[in-house]
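These entries record what I looked up in one structure. I kept them in the order in which I worked.

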Amino acid sequence: MTLDEFVNIYNGKKIDYDGRYGAQCVDVFRQYCKDVLAIPHTGGVVGAAELYTKYDTMPLEQKYFERVPYKAGMLPEAGDVVVFGTTQTNQYGHVAIVLDATTEEMSVFEQDGFKQTGAHVGSWNYARVLGFLRKR
């Protein structure tokens, strides 16, 4: 399945990959790994930010993804997994799939676990970006 097909199938739908905690942003990542990248589950995390911050302790993630630190002015590639850091109001961070990017913002496919409204195309700037996971 291509990234475009993935977005077309799941846009507007709640993705609950693991059947726990409702439709979370990490569920979009897991479904993307299965459907588009054809890779296995890379290991459990407490929150999305751990996909990046605990990368060194996740051997399957290391096997399938290169961790790409964010640097001002860089452009992620379509299909990259963007990981956002935590905030005072969101201790888990956020993860989304990059669709397109400029130096000012990214178009992503994401899901908000707090709102539970389902997967959708959204737009983010780079303010909280920890980095990216790029398929090896």
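**Entry 1. A loop asparagine**

In which loop does Asn 90 lie? I found Asn 90 in the loop between strand E2 (81-84) and strand E3 (94-101). Helices (H or I, at least four residues) and strands (E, at least two) are DSSP runs, numbered from the N terminus.

I worked on a predicted model, in which local features need pLDDT of at least 70 and side-chain atom pairs count only at pLDDT 80 or more, while totals for chains, interfaces and linings use all residues. Residues are numbered from 1 along each chain as its sequence is written, and side-chain values use heavy atoms, with hydrogens and water left out.

I looked up the accessibility of Asn 90 next: at 13% relative accessibility, Asn 90 counts as buried. Buried means under 20% relative accessible area, exposed over 50%, and partly exposed in between (1.4 Å probe, protein chains only). A polar atom of the Asn 90 side chain lies 2.9 Å from the backbone nitrogen of Tyr 92. Not counting residues up to four places away in sequence, Asn 90 touches Phe 114 and Arg 128; contact means heavy atoms within 4.5 Å.

**Entry 2. A buried glutamate**

I then turned to Glu 110, which is found in strand E4 (residues 106-110). Glu 110 is buried yet has no salt bridge. A salt bridge is a side-chain nitrogen of Lys or Arg within 4 Å of a carboxyl oxygen of Asp or Glu. The nearest side chain of opposite charge is Lys 115, 8.2 Å away; Lys and Arg count as positive and Asp and Glu as negative, while His and the chain ends are not counted.

Which side chain does Glu 110 join in a polar contact? I noted His 94, at 2.8 Å. A polar contact is a pair of N or O atoms within 3.5 Å; within protein, one must be able to donate a hydrogen and the other to accept it, and residues adjacent in sequence count only if both atoms are side-chain atoms. Leaving aside neighbours within four places in sequence, the contacts of Glu 110 include Val 28, Ala 96, His 120 and Trp 124.

**Entry 3. Salt bridges**

How many salt bridges does the count come to? I recorded three. In one of them, the side chains of Glu 50 and Lys 54 meet at 3.8 Å, N to O. Glu 50 is buried, with a relative accessible area of 18%, whereas Lys 54 is partly exposed at 40%.

Arg 134 forms a salt bridge with Glu 77, the closest N and O atoms being 3.6 Å apart. This pair links distant parts of the chain, with Arg 134 in strand E6 (residues 129-135) and Glu 77 in the loop between E1 and E2, 57 residues apart. Arg 134 also meets Asp 80 in a salt bridge of 2.7 Å, N to O. Asp 80 lies in the loop between E1 and E2 and Arg 134 in strand E6, so this pair ties together parts that are 54 residues apart in sequence. I therefore logged Glu 77, Asp 80 and Arg 134 as linked in a network of salt bridges.

On accessibility, Asp 80 counts as buried at 2% and Arg 134 is buried at 18%, while Glu 77 counts as partly exposed at 43%.

**Entry 4. Aromatic rings**

A search of the whole structure gave me seven aromatic pairs. Rings of Phe, Tyr and Trp (its six-membered ring) pair if their centres lie within 6.5 Å; planes under 30 degrees apart count as stacked, over 60 as edge-to-face and the rest as tilted.

Phe 6 lies in helix H1 (residues 3-10) and Tyr 32 in helix H2 (residues 25-37), so the pair ties together parts that are 26 residues apart in sequence. Both Phe 6 and Tyr 32 are buried.

For Phe 29 and Phe 65, the centres are 5.8 Å apart and the planes at 40 degrees, so that pair is tilted. Phe 29 is in helix H2 and Phe 65 in strand E1 (residues 65-69); Phe 29 and Phe 65 are buried. I also noted that ring pairs link Phe 6, Tyr 10, Tyr 32 and Phe 109 into a cluster.
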